[in-house]
Every structure is written in structure tokens, then in C-alpha cells.
Amino acid sequence: MANVEEKKSFDASAANVRPFAESTPAYENADDVKEKMSVEVESTGEVEEEDLYAPLKMDASVVHEPNPLTLRALVTGIILGCLVSASNLYLGLKTGFTFSANMFGAIFGYGIIKLMSKSGTIPIIGGAFGPQENSIVQAAATGAGGISGIFVAGIPAMYQLNTMGEGRTPQDDIGAIFTITLVCSFLGLFYVTPLRKFFVVQVARELKLIFPTPTAVALTIRSMHAGAAGSVEAMKKLKCLALAFGASLVHRVGSYYAIGILYDWHPFTWIHIWSGYKSWALNIESWGWYFEWTPAFIGSGILIGLNPAISMFIGSFLAWGLIGPVLVHYGECIGLQQYPDDPKWDSLYTFFSLRDIATGGPPSPRYWLLWPGVMVMVCSSMAELIIQYKVIWFGAKSSWQQTCVSINDALVARGKTNGFFSKQAAKVVRTGQEVEDPAKANEQVKHWHWIVGLIVTTVVAMIIFHFQWDMHPGLTILACILAFLFSFLAIQIGAVTDTTPLTAAAKASQLIFGGATQNSGFSIEHAQKINLVAGGLAAGGADVANALVSDFRTGYLLGTPPIKQWIAQAVGTFVAVWLSPGLFVLFTKAYPCIYDTSIVNNGGSCAFAVPSVSAWAAVARAVTDPDVNIPLSSGIFAIVMGVVSVAQVVVRHYWLVGEREKWRKWLPNWGAIALAWVIPAPVFANAALLGAIIAAVWRKYSMRTWDIYGYALAAGFIAGEGLGGVVGAVLTLAGVDGSVYGSNIACPADAC
């Protein structure tokens, strides 16, 4: 377990906060997080020690906020969250990455409401603006920007496997998609509510639950409200974010009309054209080696750092520069000739279909590499989860003890006693370092709020899953229990490492349901549908639950009443229930290749690589279909790589300690490598590596400006391109996109 220090240095008047990368499959390891959290800011020649397990000391200029839950904060947060939701759907379908809206909402929300507050005493719009209201903005943004994960993984996989019926589209099933989104969202919201006090107040110090990103958000919000100096640097962040957002949006929309000039650079195609259409260069082009000027992935590279970016690039080179070509050379895999009747382009192939050996003959390199990629994802994430067994055990033990204390205190308050609970409560050791919950009783979420909500949501889930998804109520209850258990683990591990193991949660759920549906008389399609729905419920519930506890942590540090944050996130989540399915249908209508694999398998192109969808579908097939065909060589390679990734986790945690701990940063990130094996084409790894190099050089030579502008620039790039993707889908549906009015000059065979 990473030993995150309890004391961090920070000065209340400074705005020099180093922000964190969001939780994604390739994000930085715990050691990088620990280093980033050790921020020291000198002020008046001294460095002030601050306890980050207690509420932050606020600047003297901050005024009392009687009611931070304002209409302007809710509306602003929801609008910003909607932008992030659109961005997450676009990026998730392209690359498998999604990003939290918390820091984006905190910085952008500050600028918007700060501008409103200057309007004086105008009702609703005007009035003082403080850090607690700022935390409400980011809570609403997090709620509205969430639950995108199931739309870039499990739900599209259902259509790829034809579990919804031959020829059906997401638009045909929009009602069922709305209801599953409703259940996933509010189940996680309700069952995690009582865990706020446990994770954020009672055991945070004992278990070293520092919550790196939520803590960084709280520190950023405090610094922006720290008098005149904080306001100046806050506006610098805002201007940088706004410029990056606008430039990225304009660039993405404009690039649809000149994609070979503004977005995709194909140097090997250029060489082929310059040589008179007779060169070796198309052999390299066929493997996807070109550069894409994608602001979103350059921004993500700025966030994730060099190790994950280099690991992803190495994974791409191994997959599409070494393993794939070798497999094709020796006849283990084959590609599809794209233009056999055109002598200029007859040597252009695609190796990125999902052609398997069931179709007769060798599979595609993408299908061959899919299984090692999924195996490493599952093995490395599960190993990281299991290796934290001490944290998990202490957490479960503390949870039981605190539950006994709460029950015993409630009985004593009513003049009653119970021998068992009083005995268990007496075992709790008081260290004298316990932190009292600063939230008063009237500021807490009432028990009946979450209890009634949880009961209603569970009953509704049983009805919905039975009638719309053909799932037995007993299996629905099992899925709800797994969602809670995985949420408990995800919150604990994420609070220490800043990486939420949602991949492990989803895959573990799929494996469990694969066993639960064995020999139960289900057809293969029915079993696969249940498998994907259950995995989506576990991952979606854990995602929402982790987001709420993260917001509770931010609000705890800033003194925001929990009930206010809970309402803000609930309202934002309600908006997401309707927004995310609508955006999903928009994208799938504009780009049918997202759910119809025949388009790519027959040599067609697709703007979205859908790597997470492929991984979910692969696991569902593997645990439900006895006739699934995995090439023997692929299976052997997958097992070997899975063992290697697990061995590295063990070595990292048990051997690279003490003086040898410094070597941890040189270990490859197997999650990033596996992701590169699942993503067809190395373009995203190239862009992420460029962003990581920019960030590394920037931080080396100007840490001060990095601390001010680094995260804002990356967040603006990511959100801007995501919204540009939504605009692109609308343009496609309207028939005025680049394929109609644009140019494909400088693209291979005039097609990018």
C-alpha cells in the first residue's frame, strides 16, 4: 500500500496547487500521486503545515455562506457537466478513456459565477460567491457528467453481439436504455450515501485515504477564493481553460472539412504519392502509423505523465509494429485488401477488423491481440486489487466496528442496551486523533432519504430488469450486492492510489455472472445480455458511488453541508439519466459502425475504435459461449502476459520498497500497454506521448506556470474536442459534414 503522508504543506493565500490526472486505465501510479500531493508553497518566508484529514483553514476574506446550494450554482454545474458528458462519450468511444468533471467544473464554474456575482443584488444571479458554492458547482457538474461509462462499454457490446435482436438499433431500444441508466445512476447514489462518514471522517487517517484528486480540487477551490492573489491566478486558469476549450472545439469542427490537413497527417501516404504510387510506404500506413492532431489525447498525455504515455506507445509499437506484422508474415493472421481494383492503392490493407477464425482461415491481428489485451487488463487490475488486501481488511473491520458503535450509541440514547453491540463498541480503540464531523445534524443527509431511495430503486431495478432485460429478480439482487461490494473496494483503493479499479469490478462481475448463468437453460444471446447488463450495473453503480464520495471529500475539506452536495449531485445525476442515452443514440445514428461490427469487418472505416466495447464483448463471449474460438497462439501469449503483469505487481509492492522504491517509476504500466493492444491503431498513443513530453519539459523548466495553467490547458483541450465530436455527429446527420462538403486531400486513397 502506498504510504501517503498525513501532513502536506500548503499556504492559505496561495493558488499554486498542482492538479491531478483523473482516474483512467492508464493514469499515474500511487508513487506519482504521492509526489504530486507533496506541494510546498512558501509565503512570508515560512511553510505552514496543514492536516489534510481535517477541514481546511480558509482565508480570512471568505465570508459565511448561509446557503451555498443556489440555483445559479446548480444550473452552471449542470451545463458544465453536460459538456463533460458529451466529451466523455466521444472520447470513450474512440479510446476507452473518460474523465471526471470535478476540476473542470471547479475552475470554469468559478469564472462563470464570479462574473455573475459582480452584478450586485440581482435576484438569483447576483450576490457573494464563496468556496462552498464553488463546491456545489463541481458536485452538480460531476453528477451531470457521470454515467457515460456504460455507453462506451457494455451497452454497445450488447448490439455488437446481437443480444438485443437481429437488426435492432439503440434508437429502437431507447426506453430500455433510459431505464438501465436510471437504475445504475441512483442505485450507486443511494447505497453509498451512508458511507460518507465512514470513508471521509472516521477511517480516513487510519487507512491513509487521502483522496488525491478530490483533495486537489478542494485546494484549488480554496486557493481561487484566497483574496486578491487567489482571484488573479484563478482568472489566469479560467482564461487558459476557455481559450483551450474554444480553440479545440473550432479545430475539431473545422478539421472535418480538411481532415488530411488539419487533423490526420499521413506521411507514409505522402511518400507513396510522391513516389508515383510505387513505394514500400503503404505497408507502414496499413498498420495505422500516422499522426493525429487530437487536442483531447494531447491533453490526456499532459495529464497522465511520461510513464503511462511511454508504456502506451511501447504497447502500440509491440502490437502494430512488431507482433502484428510478424503474425501476418508467418500466416497466423491476415488483413483485408481495401482497394484490390485500384492499382494505385492495391497494396493498402486494413488489419483492424475483428475477423475471427470462426469465419474460416486465419483471424485478423486485432482479434488475435484482443485476448492478450483483455487478459492483461483483468490480471493487472485484479492483482492491484488483491495486493491491497490489508487496506480492504482494515476497511471492512473498521466498517463493522463503526456500525456497532453507531447502533450502540443509538440504543444508549433511547435508554436501552444490547450486550453484543456494547461489547463490539468497546473494542474500538480511541487514539485521540479522531476528527469530529464538522457537519451538524441538520446538515447531514437524513437516513430516510437514502433508505427509501435505495428500497425504491432496488424494487424498480427488479421490475425493469425482469421485463425489459429478461433478468431474474434474484440475479438483479446479486448484481446490486456486487455493485455495492465493488463500490466499497473501488472507493478504498481509489482514495489511496487515485486510480479507481472499475475495470476489475466490471470484469469480476462478468466472470461471476458467467458462472451464475452456466447450465441455467439460457440461450447464448440471453446469457450474454445478462452478463453485460450485470457488468454495467456493477461498474456504473461503482462509478457513481465513487464520484459522490469524492465530492463528499471535497465538501468536507471546504465545510460544505453534505445534504447540499448530495442534492446537487442528485439533480446533476437526474439530468445525466436523460442526457447520456440521448447522446449515445445521436452518435450511433451518425456512426452505425459503433454497434454494427460488419462495417469494419468487411473492410470499412469507422471514426470510433470502441476498444472498451470490444473488451466487454470478448469477456461476455468467453464466459458464455462454449464455441468461442481463440487462436491457440493468442491464448498462450495471453496467459504468459497475464502472469508477467501479475508478477510485476507483486515485485513492485513487495521487493521495490525502501531504498529500491526509486526504481518503481521505471516499471511499465501494464494497463496502458493492454489498452494499446485493444485500441486498433497507434495514433492515440502517439498523441498522448507528445502531450506527456510537453508536460515533462514544461514542468522541468517552469513549474510555477505549470501549476497555474497545466490542468486548465489539458481540461480545455479534452472538453473542447469532445463537444466538437458532438457537433460533428449533428453535421453528419444533417448531411453537411466533411464527407459532403469537405476535402480528403492528403489522405490514403482519398479517405481518412
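## Loop residues with positive phi

Phe211 is buried, because its relative accessible area is 3%, and buried here requires a value under 20%. The model is a predicted one, and in it Phe211 occupies the loop that runs between helix H7 (196-202) and helix H8 (212-224). Although Phe211 is not a glycine, its phi is positive, at about 50 degrees.

Tyr277 likewise has a positive phi without being a glycine, in this case of about 65 degrees. The loop that holds Tyr277 lies between helix H11 (267-274) and helix H12 (281-285). With a relative accessible area of 29%, Tyr277 is partly exposed.

## The nonpolar core

The largest nonpolar core comprises 200 residues, and those with the most contacts inside it are Ile155, Phe199, Leu209, Phe465, Trp469, Met471 and Phe587. Helix H21 (residues 524-558) gives the most to this core, contributing 15 residues.

Leu209 can be followed in detail: leaving aside residues up to four places away in sequence, Leu209 touches Tyr53, Phe199, Val203, Ala204, Gln492, Ala495 and Val496. Phe199, one of these partners, is also listed with Leu209 among the residues with the most contacts inside the core.

Helix H22 has 29 residues and spans 41 Å from its first C-alpha to its last, which is close to the 42 Å expected at 1.5 Å a residue.

Thr573 counts as buried because its relative accessibility is 3%. Beyond residues up to four places away in sequence, the contacts of Thr573 are with Gly143, Ala144, Ser185 and Phe186.

## Salt bridges

How many salt bridges does the structure hold? There are five, and among them is the pair formed by the side chains of Lys94 and Glu292, with an N to O distance of 3.5 Å. This pair links distant parts of the chain, since Lys94 is in helix H2 (residues 71-95) and Glu292 in strand S4 (residues 291-292), 198 residues apart. Both partners, Lys94 and Glu292, are buried, and for Glu292 the relative accessible area is 5%. Apart from residues up to four places away in sequence, Glu292 touches Lys94, Tyr263, Asp264, Val683, Phe684 and Ala687.

Another salt bridge joins Arg704 to Glu233, with the closest N and O atoms 2.2 Å apart. Because Arg704 lies in helix H28 (residues 703-734) and Glu233 in helix H9 (residues 227-255), the pair ties together parts that are 471 residues apart in sequence. Arg704 counts as partly exposed at 43% relative accessibility, whereas Glu233, at 8%, counts as buried. Arg168 and Asp173 also form a salt bridge, in which the closest N and O atoms are 2.6 Å apart; Arg168 counts as partly exposed at 34% relative accessibility, while Asp173 counts as buried at 9%.

His653 has its place in helix H25 (residues 632-654), and its relative accessibility of 12% is why His653 counts as buried. The side chains of His653 and Arg652 are joined by a polar contact of 3.4 Å. Between the C-alpha atoms of His653 and Asp51, which are 602 residues apart along the chain, the separation is 27 Å.

Is Asn602 buried or exposed? At 66% relative accessibility, Asn602 counts as exposed, because the cut-off for exposed is a value over 50%. Asn602 lies in the loop between helix H23 (598-601) and helix H24 (611-624). The C-alpha atoms of Asn602 and Pro55 are separated by 58 Å, and these two residues are 547 residues apart along the chain.

Key:
Residues are numbered from 1 along each chain as its sequence is written. This is a predicted model: local features need pLDDT of at least 70, side-chain atom pairs count only at pLDDT 80 or more; totals for chains, interfaces and linings use all residues. Side-chain values use heavy atoms; hydrogens and water are left out. Buried means under 20% relative accessible area, exposed over 50%, partly exposed in between (1.4 Å probe, protein chains only). Contact means heavy atoms within 4.5 Å. A nonpolar core is a set of buried Ala, Val, Leu, Ile, Met, Phe, Trp, Tyr and Cys residues joined through side-chain atoms within 4.5 Å. Helices (H or I, at least four residues) and strands (E, at least two) are DSSP runs, numbered from the N terminus. A polar contact is a pair of N or O atoms within 3.5 Å; within protein, one must be able to donate a hydrogen and the other to accept it, and residues adjacent in sequence count only if both atoms are side-chain atoms. The expected span of a helix is 1.5 Å times one less than its number of residues. A salt bridge is a side-chain nitrogen of Lys or Arg within 4 Å of a carboxyl oxygen of Asp or Glu.
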